[in-house]
Structure formats: C-alpha cells, structure tokens
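Let's walk through this structure together, one stretch of chain at a time. Have the sequence and the model side by side as you read.

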Amino acid sequence: MTRSESLFQRAKEIIPGGVNSPVRAFKSVGGTPPFIASGKGAWLTDVDGGHYIDYVGSWGPMIVGHAHPAVVAAIQEAAGKGSSFGAPTEAEVQLAEAIIACLPSMEMVRLVNSGTEATMSALRLARAASGRPCIVKFSGCYHGHSDSLLVEAGSGAATFGVPSSPGVSQATAQDTLTLPYNDLPAVEALLAARGAEIAALIVEPVAGNMGCVLPVPGYLSGLRRLCDQYGVLLIFDEVMTGFRVALGGAQALYEVRPDLTTLGKVIGGGLPVGAYGGSKALMQQISPAGPVYQAGTLSGNPLATAAGLATLAIIRQPDFYPTLERRTQRLTQGISRALSQAGIPHLGNHVGSMFGLFFSDQAQIVNFAEAAQSDLQRFNRWFHGMLQEGIYLAPSQFEAGFLSLAHDDTLIDRTIEAAQTVAKQL
Ligand SMILES: *Cc1c(COP(=O)(O)O)cnc(C)c1O
C-alpha cells in the first residue's frame, strides 16, 4: 500500500470522504488522490515521492507558482509580527487599494475569507439594496456553497429553484431562479415576467466550473443591458477569473462593468481571502457604514493580506499576462494537436491562463447541458494516463485548468509529449 493509500484510508474514517473539499477525493475519476507533501514552482511532490507538473494550482490561486520566494518571505515576515489582531492593519488598506486600482468598477471593497463568503455577502447586499427577494443564476455556474446558490434548474425554462443539496430549504431554493448560460432570450423572458422580484443576476463572466466555457460574443454586454432595463443588479463572480484572465479580470477583457464583483483565489496568493465590492453607494450600505450586516473574525488577516499583496506585486509587472497567455496557447495547441493526430474528438478553450478540454464531437459548447454530453469515460482515461505521466490535471471533466508563471516552455513541451503518449491510449 502506498502512503497516500494508507493516509486516504485513515482520513476516510474521520473526515467525510477523506477530504475537506469534495472534488479532491477523485470520486468522478476513481482511484486514490495523491496526498501532497510539498509544492515548488510548477511542481507538486506527493508523500510517496511522486512528482507532478501541476495544472490545478489549488484550483486557481497559485498564479505565480507554489512557494514563490517573494510570497513565502512576505508570509514569514507577517507571521513574525503576529498572525491576527481583530483590529485594523495597514496591509488591509493596501490590498483594498491594489484591488480597486485594477478593477475600477469596485469603488469600495470588503475583504472576507473565501469566495463563498464573498458571493453570499454580495447577494445579501443586492437583496437589501433592491428590496427584492429573488436572484438569477446560470446552470453550471458555481458560486460557492451558500444555501441560495446551491440550486439548479428544473428542465427547460426557468422554474422555481430546486435545491441541489439536501439541507437547502425549499423556501430558500424558491428565491433562486436558474437559466441556461449564454442564452440572452431566456434572460429577457424571465426579467420581463418577474423582473420586479429580482434583486440580482449572478454570473461567472467566463464559466470555469463546467469546464471552461466562454461567453458568446455580446452575452455579457447583453446581460448588462437587460439588468439596466429591469433595475436588476449585475454581479460578476470573478472568484476564478479575477486577476486570472487579465489583470482587471473578465470585466476588463470583455469591457462590461458589473454593479458588484466577487473575488477570491488569486487575491489571497494561496491563503484564504475573498472580497466583494462595487460602487460607493452600494458598499456604504454594509455594516458598520450601513445596516447590512457582514463580519469576520479573521477577515483581512495579516498573513493572507501579505500573501495577496506579494502575489499582486508580481502579477502587476508589465509582461506577466502576455507571457502566461502565450504559454497557455502553446500548451492548448500542443495538446489539441496530439489528440487530433490520434483521431480523438475534442474541444479546447482558453482565456488568459485558464483552459479547458472537452472530449466531445460537438461543434461548440456554450452551456452546461452541452458540456454534460462529453465523453466522461474517455476523460477518466485521459486523467489517469496523464497522472501516470506525471501531469496533475483537475480530476473532473467539469473543471478548468490553470498555468502559473513557473510553467515555462520546457515544462509545457514535456506536458505535450505526455499528451502524445496518452492520446494513443484513449
Ligand atoms: C471557487 C469559486 C467560488 C468559491 O470560492 P471558495 O473560496 O471555494 O469558497 C465561487 N465562485 C467561483 C466562480 C469559484 O470559482
């Protein structure tokens, strides 16, 4: 038995499913997840001494690579000065200023501890500001695990929400309306019928939780127009895309200004941070400036803000995003070529350093229903084949992959060679 196998057995006795977040358990692909001992740059080392080139990057945060010296030094320095005070610190002001400088739609920002907290708090604010109860989300978009966002559509048109987890009450689910992604007429029809009940529409501006699905041209600007028409707040959940697809997030890339933005992942540089923000008029309603309550013992934590600031300092260097984008293109083109040569039908997408690969013979994939038709058996063979070759990909067809600054051309070419080998076995 490997050490990972024995740890997984022990873990399953005392932690539900053996993991502290479900997708880590390899449930959809099967097998035992390698338990990670350390990470450096683009590499992960497991407890059995296995090495992997990592394309998960902790599901997005590790954009400068694991254990980047500048980030490590910043965390160490902060830790030496005390790890939490429950009182304001200068680094919180600096991180807020750095965020606002990159995302001008955010005039004010509140730091929290996770993406889930950010979206949950943004919805509370939207409901308070509008006095309306309902929110609209899109099938296949993930916004964290708070009750009102754990809701899927019934089939076909918008229905009353159905909870996608036991423990979410029918009453909560009913206030969440779900529509297919990339379908403006469906949004228009719903807002025309029920706009006066709808506080906000929340969307991943590039969907990264159903694989990587891009907004079709005009989709995001269409959402903006419809929200304006019906007085509905537009929330971009940029927990994944913020500081990932561009320095200014998807809102800069697609030039659409949301009312509220939620952030997480990259802004914490690998430590737990989330954030939400928007116009001053909206954000002044948050306690203690206003009546909408939201708080956190560890919010704006000194270690987390230090890691976030150190990461932002690296990614704000001029050539950072073009370099990552070029390398991501090299990777996705190389993998696509390998699969084509082996005659494997597939669809690849990437934006900035976020990428996805569907094993599908469809001409395009624009929503969850289409993504769900991918060949999951083939994905599993691909996943395990690549892992065998030392390439660590997300263990699900419905997750995006990420590059970091540490993924240089040599590592990318090595990954493409692995893909050539694995493609022949699919
Ligand atoms: C990861 C993610 C979240 C949840 O963030 P956590 O920090 O895991 O709570 C919310 N929205 C999107 C788009 C995400 O990718």
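Pro 288 sits in the loop between α9 (280-283) and α10 (302-315), where helices (H or I, at least four residues) and strands (E, at least two) are DSSP runs numbered from the N terminus. The peptide bond leading from Ser 287 into Pro 288 is cis, with omega near 5°. Most peptide bonds are trans, and most residues other than glycine have a negative phi.

A word on the source: this is a predicted model, in which local features need pLDDT of at least 70 and side-chain atom pairs count only at pLDDT 80 or more, while totals for chains, interfaces and linings use all residues. Residues are numbered from 1 along each chain as its sequence is written, and side-chain values use heavy atoms, with hydrogens and water left out.

Now look at Asn 182, in the loop between β8 (176-179) and α6 (184-194). Asn 182 has a positive phi of about 65° although it is not a glycine. Lys 265, in the loop between β11 (260-263) and β12 (274-278), also has a positive phi, near 40°.

Lys 265 takes us to the ligand: an N or O atom of its side chain is 2.6 Å from a ligand oxygen atom, a polar contact (a pair of N or O atoms within 3.5 Å). A polar side-chain atom of Asn 209 lies 3.2 Å from an oxygen atom of the ligand, and a polar backbone atom of Tyr 142 is 3.3 Å from a ligand nitrogen atom.

Terms used: Polar contact = N/O pair within 3.5 Å; in protein donor to acceptor, adjacent residues only side chain to side chain.
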